[in-house]
Amino acid sequence: MYNISEVYKGIFKVEIPLKGNPLKYINIYVIKSEDESLIVDTGFNTEEILELTEDYMKQLNIVPEKSSLYLTHLHSDHTGLVNYFDNLGLKIYMPDVDAKLLKLFRERYGEHWTNIEKYGYMQGLEEDDLKIEDHPGYKFRPREDFNYIPKNPGDILTIGNFNFKIIDLSGHTPGMAGLYDEGKSILFCGDHILGEITPNIQFWGFDVGDSLGTYFKNLEKVKDLNIKHLFSSHRTIIEDVNGRIDELLEHHDHRLRETVEALEKGAETVRDVTKQLQWDISAKNWDEFPKSQKWFAAGEAHAHLEHLRAKGVCNYRYNDGVLHYKLT
């Protein structure tokens, strides 16, 4: 089952369950005007979610030829059903950076998943015997190419009396972007700011750089916008946006202190640092950690290490292809 509620005049929130996933559910948003509809994100590529999607489209009277889809970022819980909407003929809008990365998701031995394996080895995860086939992003990804119209930061997307500016919210992914209506103080933020849980900030490769630093910058950007209506992709709607931003900044400040303490105690590899951090997950230790979630935990620890490195707090060396960090 799923829930539909009108959260603002002409804006509907559809809560789609993500069974077996710690995120629990995704909030799909539908913006309706007299003549057209705009859907924000899709849910995983599963038969169950496809059935729920077909049902909510009927419930909200969404006519494909008068509708479009906006994808905030590349993660499979946001893009998994893009091929379904593409086949229906909806116009699909997405920021170029993440759209180009998403097109690499299809091939098992293509650039994206090969990089994920490479990063796992660098992080010291080889002994955990992780399989890409168990990665949620791989299991529930789009399987085919799709057509899209680039909508990049600074562009405008209008539907009815809503005038959305695309704004850069990168950090969670290299190219995530939100929909911002300044006149109505509305922001569809994807996974940039979440209630109850903290967005996962990953290491995306040395070419992308300090993703956590980028995330901090874009949190401060939203703080300056004075958002009254924040529509996030997971969990509850946040009433005090700036208060929640302060909580997220404090969370990462604590995580950075934890990371330094792990290095002080002699942890060097990303895996060893990850094991010493506190995680809000029902596992007594690293051995009991769900394998599918080890990718995300290590990636987040790595992002914190790279932020500390960008600040000059630590540096790394390679040993047989595995990264070893030490305080400077």
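Two residues are in contact when heavy atoms lie within 4.5 Å. The model shown in these views is predicted.

Figure 1. The C-alpha trace spans about 60 × 40 × 35 Å along its principal axes. A compact globule of 328 residues would have a radius of gyration near 20 Å, and the protein agrees, with 20 Å. Of the 328 residues, 55% count as buried. Now take the contacts in the protein with a separation of 6 or more: residues 24 or more positions apart account for 65% of them. The accessible surface comes to about 14,600 Å². Carbon and sulfur atoms hold 46% of that surface.

**Figure 2. Helix α1, residues 47-59.** This helix has 13 residues. From first C-alpha to last, α1 reaches 18 Å, close to the 18 Å expected at 1.5 Å a residue. Which residues of α1 are buried? They are I49, L50, L52, T53, Y56 and M57. An α-helix has 3.6 residues a turn, so residues three or four places apart point the same way. The face turned away from the buried side of α1 carries the exposed residues E47, E51, K58 and Q59.

**Figure 3. The packing partners of α1.** What do the buried residues of α1 pack against? Four strands are among the partners: β1 (3-8), β2 (11-17), β3 (25-32) and β4 (37-40). Helix α3 (82-88) is a partner too.

**Figure 4. N61, the residue that follows α1.** N61 sits in the loop between α1 and β5 (67-70). Its phi is near 55°, a positive value in a residue other than glycine. Most residues other than glycine have a negative phi. Is N61 buried or exposed? With a relative accessible area of 56%, N61 is exposed, because exposed means over 50%.

**Figure 5. G10, in the loop between β1 and β2.** This glycine is buried, with a relative accessible area of 13%. The cut-off for buried is under 20%. Set aside the neighbours within four places in sequence, and G10 is in contact with V30, I31 and K32. G10 can also be viewed together with N161. The two residues are 151 residues apart along the chain, and their C-alpha atoms are separated by 9.7 Å.

**Figure 6. R235, in the loop between β12 (229-232) and α8 (241-264).** Phi of R235 is near 65°. That is a positive value in a residue other than glycine. Is R235 buried or exposed? R235 counts as buried, at 8% relative accessibility. N61, with its 56%, is exposed.

**Figure 7. Helix α8 and what covers it.** α8 has 24 residues. It reaches 35 Å from its first C-alpha to its last, close to the 34 Å expected at 1.5 Å a residue. The buried residues of α8 include V241, I245, L248, L256, V260, A262 and L263. R244, H252, R255, E258 and T259 are buried as well. Which elements cover the buried residues of α8? The cover includes helices α7 (211-223), α9 (270-276) and α10. It also includes strands β12, β13 (314-319) and β14 (322-327).

**Figure 8. Helix α10, residues 291-310.** How many of its 20 residues are buried? The count is 15, so α10 is mostly covered, with buried meaning under 20% relative accessible area. α10 reaches 29 Å from its first C-alpha to its last, close to the 28 Å expected at 1.5 Å a residue. Just after α10 comes G312, with a positive phi of about 80°.

**Figure 9. F289, in the loop between α9 and α10.** At 8% relative accessibility, F289 counts as buried. Leave aside the neighbours within four places in sequence, and F289 is in contact with W279, I281, A283, K294 and A297. G120 is 169 residues from F289 in sequence. In space, F289 and G120 are 16 Å apart, C-alpha to C-alpha.

**Figure 10. Two buried cysteines, C189 and C314.** A disulfide is a covalent bond between the sulfur atoms of two cysteines. How many disulfides does a search of the whole structure find? It finds 0. C189 has a relative accessible area of 1%, and C314 has 2%.

Definitions and conventions
Residues numbered from 1 in each chain as written. Predicted model: local features only at pLDDT ≥ 70, side-chain atom pairs only at ≥ 80, totals over all residues. Heavy atoms only, no water. Helix = DSSP H or I, 4+ residues; strand = E, 2+ residues; numbered from the N terminus. Expected span 1.5 Å × (residues − 1). Buried < 20%, exposed > 50% of the residue type's maximum accessible area, 1.4 Å probe, protein only. Rg over C-alpha atoms; globule rule 2.2 N^0.38 Å. Areas by Shrake-Rupley, 256 points an atom, 1.4 Å probe, with all protein chains shown as cover. Disulfide = S-S within 2.5 Å.
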